[in-house]
Amino acid sequence: MSERRGSPRRMPRWWIAAALAALAAWEGLPQQLLHTRDTQWYVEAPTADWKRDGVRSVFVTANGIRVHLETTAEEGAGEAAVAARQHVLIVPGTGTGAGMFRRWPSKDDSMVAELSKRKGVVVTAVDLRGHGRTTVTPGPYSVELLAEDVAGAMRSAFPGEKFHVYGLSVGMGVAMVLALDHKDVVASISGNGFLFDRSVFQFDAWFFSRPFVTRALGMQLLATAAEMVLDINERGVFVEESRHMPLEGFVQTSLSWLDFNVTHRMHEYEAPMLLLSPDKDAKATGNSKAQFLRETAGCRAKVDIVEFAGFSHFMPFERGGPRRIVEAMVRSHGLGESA
Ligand SMILES: *[C@@H]1O[C@H](CO)[C@@H](O)[C@H](O)[C@H]1NC(C)=O
């Protein structure tokens, strides 16, 4: 015994990992049973379609599922009138939904509000497969599959229309695939929080996309972790919203994060691109102006890269974020200038 006194034994690392896993399971199981299962969008919107704050809820069938959209396009507006406008399509990220872009940071300065202030701009936000009110199916959901869903939904809801696509996080990956494989629905792409090559191993992204982790944590603890890891300015937004989000969508979509690399197709891009780089995102996820510059070096399409100080991965939900994103979209893509 006495020989141990000089060098006290450290607690082995696996023991700490096991304790953390047990704690996560203990915290996560009741979450899943009591919380994420019983709170869905349907709590807020018991009927199929609703209208509020100038936004309409619409369902369309595409790629074999029911896709939920929120749009400012007027109901029954003549096709010619709708066609004369510029359409913006918002594609949310993993665990976020269409409604968040109408509610945060507040309904008067959200992405939907800021875009609607521009003359002739019609805004539509989509719920990805397994998210919000769009059908949950078995996974995994590749970015390519999500893009097929979104393209199909747009063709069905707005035949012949091209969209200025704004994507957040995995939604930006969807925007990239739309611009490559569904050119008929794309006028331009803009976005933040994703790279053309996401296949580089990154511990946080790997850890928070493991099904045993995501299922054990449940949506609310995942949201809490995301807010810490991503250093989000408006704390609580994601946690509050997570109560409306089916866990399965997060589990199945996160599996695609590190399985995405379209850098070899850079020469195929024709749509103008606006790549947004909030500085706190660079620290948290490695998405940076320098990285975008390297990746788009061989791209012949118009590429604008804009940096933002003080904003995080979730810039579109942060105070002043939507206004700056929309200003950049106006500068880069001429949004709201000609109808
Ligand atoms: C992504 O693809 C490019 C081009 O094919 C390749 O050079 C690069 O190594 C890939 N990234 C990873 C992490 O494998």
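This is a predicted model: local features need pLDDT of at least 70, side-chain atom pairs count only at pLDDT 80 or more; totals for chains, interfaces and linings use all residues.
I started at glycine 167, which is buried because 26 other C-beta atoms lie within 10 Å, where 20 or more are enough to count as buried.

**Entry 1. Around glycine 167.**
I looked up the element next. Glycine 167 sits in strand S6, residues 163-168. Then I listed its contacts, leaving out residues up to four places away in sequence. They are Val91, Met172, Val174, Ala175, Ile189 and Gly191. I checked one of these by distance. Isoleucine 189 is 22 residues from glycine 167 along the chain, and their C-alpha atoms are 7.7 Å apart.

**Entry 2. The whole chain.**
I stepped back for the overall counts. I found 14 helices and nine strands in the chain. Of its 339 residues, 47% are buried. I also asked how far apart in sequence the contacts reach. Taking contacts between residues at least 6 apart, 76% join residues at least 24 apart.

**Entry 3. The sheet.**
In what order do the nine strands stand? I read S1-S2-S3-S5-S4-S6-S7-S8-S9, an open sheet with mixed pairing. Strand S1 (51-52) and strand S9 (303-308) are at the edges. Each has a single partner strand, so one side of each has no neighbour in the sheet.

I reminded myself of the background: strands of a sheet pair through backbone hydrogen bonds, either parallel or antiparallel. I then took one pair as an example. Strand S2 (residues 55-62) and strand S3 (residues 65-71) pair in the antiparallel sense, over seven bridges. Within this pair, valine 58 stands opposite leucine 69 in S3.

**Entry 4. Helix H6 on the sheet.**
Helix H6, residues 143-157, packs on the sheet. I found that H6 touches S2, S3, strand S4 (86-91), strand S5 (121-126) and S6. The direction of H6 makes about 110 degrees with that of S2.

I tested the length of H6. Its 15 residues should span 21 Å at 1.5 Å a residue, and the end C-alpha atoms are 21 Å apart, so the two agree.

Which residues of H6 are buried? I listed Val143, Leu145, Leu146, Ala147, Glu148, Asp149, Val150, Ala151, Ala153 and Met154. Glu148 and Asp149 are on that list, and both residue types count as charged. The buried residues of H6 pack against S2, S3, S4, S5, S6 and H7.

**Entry 5. Helix H7 on the sheet.**
Helix H7, residues 170-181, also packs on the sheet. H7 touches S4, S6 and strand S7 (186-192), and its direction makes about 155 degrees with that of S7. From first C-alpha to last, the 12 residues of H7 reach 16 Å, close to the 16 Å expected.

How many residues of H7 are buried? I counted 10 of its 12, and H7 is mostly covered. Among them are Met172, Val174 and Ala175, which I had already met as contacts of glycine 167. What covers the buried residues of H7 includes S4, H6, S6, S7 and helix H11 (247-254).

I kept a rule in mind: most residues other than glycine have a negative phi, and most peptide bonds are trans. Then I looked for exceptions.

I noted a cis peptide bond from tryptophan 104 to proline 105, with omega near -5 degrees. Proline 105 is in the loop between helix H4 (100-103) and helix H5 (111-116). Another cis peptide bond joins glycine 139 and proline 140, with omega about -5 degrees. Proline 140 lies in the loop between S5 and H6.

I also noted positive phi values. Serine 169 has a phi near 55 degrees. Serine 169 lies in the loop between S6 and H7. Is serine 169 buried or exposed? Serine 169 is buried, because 26 other C-beta atoms lie within 10 Å.

Asparagine 63 has a positive phi of about 55 degrees. Asparagine 63 is in the loop between S2 and S3. I found 18 C-beta neighbours inside 10 Å, so asparagine 63 counts as partly exposed.

**Entry 6. The ligand.**
Last, I looked at what surrounds the ligand. I listed Asp197, Ser199, Val200, Asn261, Thr263 and His264. By class, this shell holds one nonpolar, four polar and one charged residues.

How values were computed:
Residues are numbered from 1 along each chain as its sequence is written. Helices (H or I, at least four residues) and strands (E, at least two) are DSSP runs, numbered from the N terminus. Two residues are in contact if their C-beta atoms, placed from the backbone, lie within 7 Å. A residue is near a molecule or strand if its C-beta atom, placed from the backbone, lies within 6 Å of it. Two strands pair if DSSP finds at least two bridges between them. Axes are lines fitted to C-alpha atoms, for helices over the stretch in contact, and angles run from 0 to 180 degrees between N-to-C directions. The expected span of a helix is 1.5 Å times one less than its number of residues.
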